[in-house]
There are 2 protein chains.
Amino acid sequence: MTLDFPKSSGLVTAVIQDHATQRVLMVGYMNEEAFRLTVESGFVTFYSRSRQKLWMKGESSGHHLVVKSIAADCDLDAVLVEVEALGPGVCHEGYESCFFRKLDSGEWKVSEDRRYNPAEVYGGKA
Amino acid sequence: MTLDFPKSSGLVTAVIQDHATQRVLMVGYMNEEAFRLTVESGFVTFYSRSRQKLWMKGESSGHHLVVKSIAADCDLDAVLVEVEALGPGVCHEGYESCFFRKLDSGEWKVSEDRRYNPAEVYGGKA
């Protein structure tokens, strides 16, 4: 039984959840190589759709995601990766989670404080 | 500030999480209309990529997902929907969560018991 990479042009959706708090931290995408590298290295590696290249989370920031467990969904086109998130936050905008905006009366509003200053961590890098 | 539907051919990724247990239950996709219906009705509605139509979760099974909160990610191309899941499980295969298989020594293994008999709930329907 293998993941269904062909279904979505070679990618599966990867939901990243903090193994201790159960907070959902981010969503990324993995091609077959990114998934293999994630399993083999124990560090989450995505395929960046915008940059069209492999991207080990934390390669710029040092905020790596250490794999604790990996589950697959019924259709085998999405994975749920429980992680230990190194560093103060996974979001490149400085937040603990990329899901830092909540829908409030029809508007997306920032619902928490930044954990770090992204300019200090990422410098000029995207 | 609006969701970035054009980025992925009109769809955003929707992660569904149980608001009480914080378990991730499933991943689906929403087009703009599915998202609007989800917000307006308070019941999660997806866009089925395989059937190419709107799909209110539970329309066959009665296992609706009641919206508790909606968050958007930094790129505005994914949403995290916290829900109260009606019924014994969200997965059409009978499990509480669609993520019922875990990677164990390189093999996907079912890691929990079924909550209901899908043949009784769905009959001959997919």
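Predicted model: local features only at pLDDT ≥ 70, side-chain atom pairs only at ≥ 80, totals over all residues.
User: OK, the interface. How many residues are in contact?

Analyst: On the chain A side there are 36 residues, in contact with 36 residues of chain B. Of the interface residues of chain A, 100% are also interface residues in chain B, so the copies meet through the same surface.

User: And how much area do chain A and chain B bury between them?

Analyst: About 3100 Å², with 64% of it on carbon and sulfur atoms. In chain A, the residues that lose the most area to chain B are A:C74, A:F99 and A:W108, and together they make up 23% of what that side buries.

User: Let's stay with A:W108. Which ring does it form an aromatic pair with?

Analyst: With B:F35. The centres are 6.1 Å apart and the planes are at 25°, so the pair counts as stacked, being under the 30 degrees limit. The pair crosses between chains: A:W108 is in strand β8 (residues 107-110) of chain A, and B:F35 is in helix α1 (residues 32-41) of chain B.

User: Are A:W108 and B:F35 buried or exposed?

Analyst: A:W108 is buried, and B:F35 is buried as well.

User: Where does B:W108 turn up among the ring pairs?

Analyst: B:W108 belongs to a cluster with A:F5 and A:F35, linked by ring pairs.

User: How many aromatic pairs are there over all chains?

Analyst: A search of the whole structure finds eight.

User: What about B:F46 and B:W55, how are those rings placed?

Analyst: Their centres are 5.1 Å apart and their planes are at 35°, so the pair is tilted. B:F46 counts as buried, at 0% relative accessibility, whereas B:W55 is partly exposed at 21%.

User: Which residue does B:R49 meet in a salt bridge?

Analyst: A:D77, at 3.2 Å from N to O. This pair crosses between chains, with B:R49 in the loop between β3 (45-48) and β4 (53-56) of chain B and A:D77 in the loop between β5 (65-72) and β6 (78-85) of chain A.

User: How accessible are B:R49 and A:D77?

Analyst: B:R49 is partly exposed at 28% relative accessibility. A:D77 is buried at 5%.

User: Which network of salt bridges is B:R49 linked in?

Analyst: One that links B:R49 with A:K7, A:D75 and A:D77.

User: And which ring does B:R49 lie over?

Analyst: B:R49 lies over the face of B:Y29, at 4.0 Å from the ring centre. In chain A, the charged end of A:R49 sits over the ring of A:Y29, 4.0 Å from its centre.

User: Now within chain B. Which salt bridge does B:R23 form, and at what distance?

Analyst: The side chain of B:R23 meets that of B:E96, at 2.7 Å from N to O. The pair links distant parts of the chain, 73 residues apart: B:R23 is in the loop between β1 (12-18) and β2 (24-30), and B:E96 is in the loop between β6 (78-85) and β7 (101-104). B:E96 counts as buried at 18% relative accessibility.

User: Which residue pairs with B:R36?

Analyst: B:R36 forms a salt bridge with B:E40, and the closest N and O atoms are 3.1 Å apart.

User: Why are B:R36 and B:E40 separated by about one helical turn?

Analyst: Because they are four residues apart in helix α1 of chain B. B:R36 is partly exposed, with a relative accessible area of 38%, and B:E40 counts as exposed at 59%.

Conventions. Residues numbered from 1 in each chain as written. Chains lettered and ligands numbered in written order. Heavy atoms only, no water. Phe/Tyr/Trp six-rings, centres within 6.5 Å; stacked < 30°, edge-to-face > 60°. Helix = DSSP H or I, 4+ residues; strand = E, 2+ residues; numbered from the N terminus. Buried < 20%, exposed > 50% of the residue type's maximum accessible area, 1.4 Å probe, protein only. Lys NZ or Arg CZ within 6 Å of the ring centre and 35° of its normal. Contact = heavy atoms within 4.5 Å. Buried area = accessible area lost by both parts, 1.4 Å probe. Salt bridge = Lys/Arg side-chain N within 4 Å of Asp/Glu carboxyl O.
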